[in-house]
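Work through the exercises below with the model open in your viewer. Try each task before you read its solution.

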Amino acid sequence: MAIKTFREALNEALREEMQRDKRVFLIGEDIAGGMGGHEGAPGSSGGMLGVTKGLYQEFGPNRVIDTPISESAIMGAAAGAALAGMRPVAEMMFMDFFGVCFDQIYNQAAKFRYMFGGQSSTPMVIRGMVGAGFGSAAQHSQALWPIFTHIPGLKVALPSCPADAKGLLISAIRDQDPVIFLEHKVLYDTKGEVPDGDYATPFGVANVTRDGEDVTIVAFGRMVLLANEVADKLAGEISVEVVDPRTTSPLDTEVIIESVECTGKLLVVDEASPMCNLASEVISVVAIHAIGALRAAPIKLSPPHTPVPAAPNLERLYIPSVAQIEEAVRRLHATG
Amino acid sequence: MDKTGALSAYRTMRRIREFETRISKEFAAGTVPGMTHLYIGQEAVAAGICHELTNEDYIASTHRGHGHSIAKGCDIGAMALELFRKAGGICKGKGGSMHIADISKGMLGANAIVGGAPPLAGGAALAIKIRGQRNVAVAFLGDGAANQGTTLEAMNFAVALNLPLVFAIESNGYGEHTLASYAAPGDLTERAAAFGMHAEKVDGTDFFAVHDAMTRAIERAHSGNGPSAIECVAKRWHGHFEGDPQLYRPKGEVDSLRKTEDPLKKFRAVAQKKKLGSKKEYDQIDEEVRDEVAQAVEFALAAPQPDASELLTDVYATY
């Protein structure tokens, strides 16, 4: 066990899986970094996200493949190679760019297993950076996981800490189905303990990051860190349980329901736009399966239904905050 | 090409013609659910492109994919079951006409999205390249798909990554109901060549011309010389879909195609001249294929529908 950054944990997962399985290869824009330039350029940067740094030197141009800026061609290459027996990991840089190649994701890769009657597997991982916080505006800051969670055939992982970043990415690479793997841009330099070697964090198993009895917070991705902060701050005053589902598809509804049955109070924090987001889904699940346990109306904390603004002050207002989470917890605690 | 090869190529073309002629009748009779797009008139393209391919070579197909499927070795019985959405279909009745696939044969699927296949074929070609295999992948696409960004991306991608990929462009005259001369006004062979790959245009009703061009493309791919494009010109005889009134088509065009552009008649004429089998041998293939298709269709018509439990299977490997 060592302290590592989220970015280092991802790099370690890629390196170890590529060493373990020669079918695993990486494809994307600038992931080798500097192809066609001077000799020392490839591998030196690890691309826009820095996650693939050094992998070109270790695995060479056949397994760390830079492409033209052609998202549909990249996504099709990953899906076609997966059908043909490889295990591609495609880096799409910003999740916002998934829009350029949506057909290859939801009409092609997601559908093959069912549409072809179970004769094929499409074991591919699509990595993308998500979330607001860097003043990058409406086309570089979105949290679009509800769209992909909606589609049968896709799985969606949303790690919140370095240990899960590595364990969930290993699971994603070993999965027989296409996985959307989302990395919050604010998390890359966060640090945490990361177990050494080979471990796979299972999909559909929530992590209870704080135990508590008074209020349940279900939070996704980066919002888990904010929820933990509030739980720690209120310790001794209000006992807050924080549930990190880790994957939105499959979604661990069991742990959520158990927690709400204990606390009777539910706050869901989701950085995705509010219409049909994961907060809506969690509240719906609880309403169907545990409405009798609720002692207060659930609170849904999401951004307003607007694109992400560029101005830092507006962006701060847009993203759910620690203050809003604390206020919601206090309000729930005071009710019922 | 020797006599065995010629007889085999002709059998492929006859299978496509017979299978689809029967499916057309069944569609008119109301026994085929959903949409069906027929390939009749273009048989020499599928047969010519696929003739030298093995199960380790890949193709990605189109919504007009029955011909490609048959030419790549998909079982006609399982295809008939699939078209009628029956249990035992090649995709368990869950794909239908536009999603025929047999991964074990290197047939990566018909595709209901125009321009869906070229990026996928790029992936199959990439897999071949990474594994260092001596194989090729083929992207079938129509003149309609030639205008999709996905096709253009896949072409540039294939050249940039030097992939063992062949773009088989089927210029069949129409993209849905719109004439290719309107929607794809440039020359598609020149368009492909502009990406920096070898591209040539052939008569798509001439099996031997298609086959020769494909043999050259395979040789280029095997030698590490990257992708090629073959534009095969052959008009379709049927509508965009079965039931299409085809008000856009000039009167008499199909009759004229039947008389002068029939790929099977052309094949037999050449085969006779080159002494690649007797009339009797070709007639016998016609007869055998008639029986084969009739049996496949009768069996499929009588077969049960998929079990209700199939609704929920094959969404994920595990969940």
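This is a predicted model: local features need pLDDT of at least 70, side-chain atom pairs count only at pLDDT 80 or more; totals for chains, interfaces and linings use all residues.

**Exercise 1. The side of chain B that touches chain A**

Task: Find how many residues of chain B are in contact with chain A, and which element of chain B gives the most.

Solution: 
- Start with the count. On chain B, 36 residues are in contact with 36 residues of chain A.
- Next, sort them by element. β1 (58-60), α5 (117-131) and α6 (149-160) of chain B each supply at least two residues of this side.
- Pick the main contributor. α5(B) gives the most, with nine residues.
- Last, classify the side chains. The residues on this side of chain B comprise 21 nonpolar, eleven polar and four charged.

**Exercise 2. Two helices that cross**

Task: Decide how helix α1 of chain B is placed against helix α2 of chain B.

Solution: 
- Locate the pair. Helix α1 covers residues 3-29 of chain B, and helix α2 covers residues 43-50 of chain B.
- Take the geometry. Their axes come within 9 Å and cross at roughly 140 degrees.
- α1(B) passes α2(B) in a right-handed crossing.
- List the contact. α1(B) brings Ala9(B), Thr12(B), Met13(B), Ile16(B) and Arg17(B). α2(B) brings Glu43(B), Ala44(B), Ala46(B) and Ala47(B).
- Classify these residues. Six are nonpolar, one is polar and two are charged.

**Exercise 3. Helix α12 of chain B**

Task: Compare the span of helix α12 of chain B with the expected value, then find its buried residues and what covers them.

Solution: 
- Check the span. Helix α12 of chain B (residues 279-302) has 24 residues and reaches 35 Å from its first C-alpha to its last. That is close to the 34 Å expected at 1.5 Å a residue.
- Pick out the buried residues. They are Tyr282(B), Val289(B), Val293(B), Ala296(B), Val297(B) and Ala300(B).
- Look for the cover. It includes α1, α4 (76-83) and α11 (263-273) of chain B.

**Exercise 4. Val125 of chain A**

Task: Is Val125(A) buried or exposed? Which residues is Val125(A) in contact with, leaving aside neighbours within four places in sequence?

Solution: 
- Val125(A) lies in strand β5 (residues 125-130) of chain A.
- Apply the cut-off. A residue is buried if 20 or more other C-beta atoms lie within 10 Å of its own. Val125(A) has 27 C-beta neighbours inside 10 Å, so Val125(A) counts as buried.
- List the contacts beyond four places in sequence. They are Val89(A), Ala172(A), Ile173(A), Val179(A) and Phe181(A).
- Finish with a distance. Val125(A) and Ile69(A) are 56 residues apart along the chain, and their C-alpha atoms are separated by 18 Å.

Notes. Residues are numbered from 1 along each chain as its sequence is written. Chains are lettered from A and ligands numbered from 1 in the order in which they are written. Two residues are in contact if their C-beta atoms, placed from the backbone, lie within 7 Å. Helices (H or I, at least four residues) and strands (E, at least two) are DSSP runs, numbered from the N terminus. Ala, Val, Leu, Ile, Met, Phe, Trp, Tyr, Cys and Pro count as nonpolar, Asp, Glu, Lys and Arg as charged, and the others, Gly among them, as polar. Axes are lines fitted to C-alpha atoms, for helices over the stretch in contact, and angles run from 0 to 180 degrees between N-to-C directions. A crossing is left-handed if the near helix is turned anticlockwise from the far one by less than a right angle, and right-handed if clockwise. The expected span of a helix is 1.5 Å times one less than its number of residues. A residue is buried if 20 or more other C-beta atoms lie within 10 Å of its own, exposed if 12 or fewer, and partly exposed in between; C-beta atoms are placed from the backbone.
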